[in-house]
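Hello,

Here is the structure we spoke about, with some notes on its aromatic rings. Please look at it first and then read on.

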Amino acid sequence: ELVKRLTLYVARIMRAMMPTKPGVAGFKNTSAAQKSDTTTTARDRDRKHQRPYDLIVFGATGFTGSLAANYLAKKEDVRYALAGRDLEKLQKIANKSTSEESERRSVDVYAGSTPEELREITEKANVVLSFAGPFAKFGFALTEACVATKTHYCDITGEPPFIRKCVEQLHEKAKREKTCVVNCVGYDSIPWDLGAWAVAESFKADGFECVRAEAHAGKSKGGVSGGTIASAAGVIAENSMADLKKMGDPFYCVPELCRDGERPLKREIKENWRLQGDARLDEATGKYTMPSIMAGINSKVVARSYSLLRDKDKENACFAEDFSYGESDFCKDESKANWGARGIKTFGVLFAIPPTRWLLRKTVLPAPGQGPNEDILENGYSNVYVVGHGRDKNDASSKVEPRVAHFEFKNADPGYKGTAALAVEAALCLSLSDKAPGLKMGGCLTPSVALGETLIERLRDAPNFSFSVSALKGKELKV
């Protein structure tokens, strides 16, 4: 059980609502069984220039990028192209995806790596979706080209230094141009970020504010990709211990609020963001939990959502000023939680030491370009729960029942097939809809801030997802 769980963690580590009872308002039930064509028919065609493509997938020759090409081949109404660094490989992916997945016309492909070539590619689309990691090595030039050509950009990175570089160097320009840069639109970190935002919004709709969100990974089945391992290894190998220590700050991707920022968050607030490091019994759910390896990136994304919304909405924000976030993984019993916590620590030490990291990559972990087998890809699943705790603004002593957001992947490995599909749906929110809130904001945004309920609407029509917000009491939690 521990080996299986660790294998899934490696795959996740840095990847490249109708209320059930009165009082849980603001969201319609967003199960996949409910259909809506709202976002697929509302197209934003008022951009300054009509562009040939709704979406360009960059990095389509990689493991997850090729899955995105397969997913897009089934969408006859989307104008898209594939791009990357190798034209011959791109053409093979384009031919394979269209022959296997649909009877649609051939797909255009583009290759480029220089700043000039990247600008020529990005100006052809409303949105560029990148799977080309490690992003610290290959990602910034593409993101910069998107901002220069006023093209919305999304990616599946899980690399904090890359996200911070985008924020520091591109946020203000992208904001002025109303161009969205949205990192982490895959398994990390949409389920956690969207869940925290949605449960907070449900409290806001009833006149409350959200003071705490506790996220938990429940029952899941998934595999591992070599590209993910390469990204994780790159983050560790290319940063000093001092830099890695700075990355431990949940507000690392909010430069002004991090510990060396211009206006660091109040100590008493930030203390509540400290990540779980041991096995615990979660009081709200009654489940034993262990530390989550994904908390490192997910907490940073939620922290940026909190900061962006507090700056935008001030006292009307869905997150209270003293809001905090925590994350862990459900375990079946106390023993598994204890062994899981020990396993996480052991793996972290081994992966941090260069010789043992090299040995793990050579003997145990897959190489770049490799990924889960077909059975795991097609039959994988995941359940992510975000439990929200609210407070009555007018009566702090009044009891507010906790609520839970539930994000489910069905018939799809969450880290790869699920991430490919989820990233495509996220990117299309910015291309095929004029309702995504990020379109009015621009800048380096998070999935929940940029996409919000527009993404939830798209997930209704997607076959591999369901999403809901309900009261925690009476909710079945899959462990």
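Trp 273 and Phe 323 are both buried, where buried means under 20% relative accessible area, with a 1.4 Å probe and protein chains only. This is a predicted model, in which local features need pLDDT of at least 70, side-chain atom pairs count only at pLDDT 80 or more, and totals for chains, interfaces and linings use all residues. Residues are numbered from 1 along each chain as its sequence is written, and side-chain values use heavy atoms, without hydrogens and water.

A search of the whole structure gives 18 aromatic pairs. Rings of Phe, Tyr and Trp (its six-membered ring) pair if their centres lie within 6.5 Å; planes under 30 degrees apart are stacked, over 60 edge-to-face, and the rest tilted.

Trp 273 and Phe 323 form an edge-to-face pair, because their ring centres are 5.8 Å apart and their planes stand at 75°. This pair links distant parts of the chain, 50 residues apart.

The pair of Phe 407 and Phe 409 is tilted, since the centres are 5.2 Å apart and the planes are at 40°. Phe 407 counts as buried at 1% relative accessibility, and Phe 409 is buried at 0%. Ring pairs join both to Tyr 187, Trp 192, Phe 465 and Phe 467 in a cluster.

Two charges sit over rings, which requires NZ of Lys or CZ of Arg within 6 Å of the ring centre and within 35 degrees of the ring normal. Arg 85 lies 3.8 Å from the ring centre of Phe 138, over its face. The charged end of Lys 165 is over the ring of Phe 140, at 4.4 Å from the centre.

Regards

Notes: Helix = DSSP H or I, 4+ residues; strand = E, 2+ residues; numbered from the N terminus. Buried < 20%, exposed > 50% of the residue type's maximum accessible area, 1.4 Å probe, protein only.
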